[in-house]
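Reader: Hi! Could you walk me through this one?
Author: Happy to, here it is.

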Amino acid sequence: MRRRYLYPVIAALLLGIAATATAIKSHNDARLSANLLVAEVSNTVLVTWDPELILSNAHSSLLEVSDENFYQVYLTALRRLGTLENLDDALFTFDLPPLWNFWNTDTATASYTLKATFSNGEADVTIKLLREDGRWWFTEYLVLTGLMAA
C-alpha cells in the first residue's frame, strides 16, 4: 500500500471506531436512564402511594387517558396492599433505533414488568416508556393485583 493512502485509511478506521463507540454509549445511556427512572419512581410510588412522580414524568398520551385525579384515586385504592416488602423479578424490553442511527434515540420505547410483594398481597407493575426530547416519559403505569377485584 502506498504511504499516501495510509493516513486516510487510518483516519477512516478511527472515525468508524469513534462513531461505533458513540452509538454504543448513546444506547447504553438510554437504557441506564430508563432503568433509573423506573427504579426511582417505583421505589417511591409503591411506598408512599403518591402519584406525583408518575405525573411529573408522564407523557401527554398518558395524561389524555388518565388524569391526575385518576391516579390519586387509583393509588389510594391500592393502599390496601399494605407496605412494600419486595420489588424484584423485573422483565424488560427496549426498542432502540439501530446503532447507525445513534443520534436519534428519541424513537425508543421500553416496557417493564415488575413483581411486587406487599404485606397484604402481590402485584404486577406494568410500565411503558417513550423516549422523547432526550428523556423517558411514562405512557403507562399500572399496578395489577387480584386484591383490587375483591
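Author: Going along the sequence, the chain reads α-α-α-α-β-β-β-β. Keep in mind that this is a predicted model.

Reader: Thanks! How many helices and strands does the chain come to?
Author: There are four helices and four strands.

Reader: And the overall dimensions, what does the C-alpha trace span along its principal axes?
Author: About 80 × 30 × 20 Å. The radius of gyration of the chain is 21 Å, whereas a compact globule of 150 residues would have one near 15 Å.

Reader: What share of the residues counts as buried?
Author: Of the 150 residues, 33% are buried. The chain exposes about 9000 Å², with carbon and sulfur atoms supplying 59% of that area.

Reader: Let's pick a residue. Where is L46, and is L46 buried or exposed?
Author: L46 sits in helix α1, which covers residues 3-48. Its relative accessible area is 0%, and L46 counts as buried because the cut-off is under 20%.

Reader: Nice. Which residues is L46 in contact with, leaving aside its neighbours within four places in sequence?
Author: The contacts of L46 are V41, L84, L87, F118, V125, Y141 and V143. Take V125: 79 residues separate L46 and V125 in sequence, yet their C-alpha atoms are 9.6 Å apart in space.

Reader: And for the chain as a whole, what percentage of contacts join residues at least 24 apart?
Author: Counting contacts between residues at least 6 apart in sequence, 59% do.

Reader: Switching topic: how far apart are the mean positions of the positive and negative charges?
Author: They are 18 Å apart, for 11 positive and 17 negative charges.

Note on methods: Residues numbered from 1 in each chain as written. Predicted model: local features only at pLDDT ≥ 70, side-chain atom pairs only at ≥ 80, totals over all residues. Heavy atoms only, no water. Helix = DSSP H or I, 4+ residues; strand = E, 2+ residues; numbered from the N terminus. Rg over C-alpha atoms; globule rule 2.2 N^0.38 Å. Buried < 20%, exposed > 50% of the residue type's maximum accessible area, 1.4 Å probe, protein only. Contact = heavy atoms within 4.5 Å. Areas by Shrake-Rupley, 256 points an atom, 1.4 Å probe, with all protein chains shown as cover. Lys, Arg positive; Asp, Glu negative; His and termini not counted. Charge placed at Lys NZ, Arg CZ, Asp CG, Glu CD.
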